[in-house]
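Subject: Structure handover

Hello,

Please find the structure below, with notes on what was found in it.

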Amino acid sequence: MEKTIYLISLRRKFLNKLDFFYDKGYTILENIFSDTECNDINELAHGLKTKKDFVPIMNIHKSSEKVLKFMSNYKLLEFIENFFEGNAQGLQTEYFFMPPGTKGFSPHQDNTYVKAEGNSFISAWIALTDVSSKNGGLMIWPGTHKEEAMKLRENESLPSKNQDPNARKMSLIIPEKYQVQTPKISKGSALIIHSWLAHASNDNESKKNRNALLCTYIKQGANFRSGNYAKRQSFNLMKNS
Ligand SMILES: O=C(O)CCC(=O)C(=O)O
């Protein structure tokens, strides 16, 4: 009996998270990866860099099954597949080193680039170090996902060394009624981002790298834009791993 009550309360918490996500356009899944799992991905990424630049690695899952397994985490997939009401596939990954001094991403909505319909696309931004506003933590504008596509303007600021070349080209025009937040996210937690949620990242003003892995997912069979730089391709995840 006690076990049944425990399971019902777990299910209720899960459904509350989903309701919060529909309303605000984000949620945080706390501590779903261990320290060791995060360190393994950081080591793997550093091992893949031969040059002395720390530009993010696009589609790092293509280099290692470890990343595929990591992004197939059952707590992540449980959330995503409930949101999709269907099967999830991987779509794109990007590993960020973000060394000290790296400038953040300009405000954007991921679906501007992916162009998926309805609830068929979602992003999970996984902190591989503790993050805050001082070291490049993400900025979010809760509720903006309800606006769907918003207007963009060209950005006048210069690109940043060690950053994705597209990170700072355009900037979203966000209505003033939305308040920005920078949630503190602990290493091993995932910020789940609605396809139309406005988000950006702070500059890294700390003395250490801000490591993170962006994983995006598509509902099986849904359409999406591949993109010249991201070269998105849907792929199967390692379910039940
Ligand atoms: O990791 C970052 O600094 C921002 C990443 C991001 O927002 C994105 O790739 O959509």
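Predicted model: local features only at pLDDT ≥ 70, side-chain atom pairs only at ≥ 80, totals over all residues.

Ligand shell. The residues around the ligand are Glu 94, Phe 96, Gly 104, Phe 105, Asp 110, Gly 136, His 199, Ser 201, Ala 212 and Leu 214. By type, the shell divides into 4 nonpolar, 4 polar and 2 charged residues. At least two shell residues come from each of strand E3 (88-96), strand E9 (199-201) and strand E10 (212-219).

Helix H2. This helix runs over residues 35-48, 14 residues in total. From first C-alpha to last, H2 reaches 20 Å, close to the 20 Å expected at 1.5 Å a residue. Cys 38, Ile 41 and Ala 45 are buried in H2. They lie on the same side of the helix, because the arc they cover around the axis is only 65°. The buried residues of H2 pack against strand E2 (57-58), helix H3 (65-71), E3 and E10. On the face turned away from the buried side, H2 carries the exposed residues Asp 35, Thr 36, Glu 43 and Gly 47.

Helix H4. In H4 (residues 74-84), the buried residues are Leu 76, Leu 77, Phe 79, Ile 80, Phe 83 and Phe 84. Seen down the axis of H4, these fall within an arc of 160°, so they line one face of the helix. Their cover includes helix H1 (2-24), strand E1 (26-29), E3, strand E4 (121-127), strand E8 (190-194) and E10. Glu 85 follows H4 and has a positive phi, near 55°.

Regards

Key: Residues numbered from 1 in each chain as written. Near = placed C-beta within 6 Å. Helix = DSSP H or I, 4+ residues; strand = E, 2+ residues; numbered from the N terminus. Nonpolar A, V, L, I, M, F, W, Y, C, P; charged D, E, K, R; others polar. Expected span 1.5 Å × (residues − 1). Buried ≥ 20, exposed ≤ 12 C-beta atoms within 10 Å, placed from the backbone. Arc of directions from axis to C-beta. Contact = placed C-beta atoms within 7 Å.
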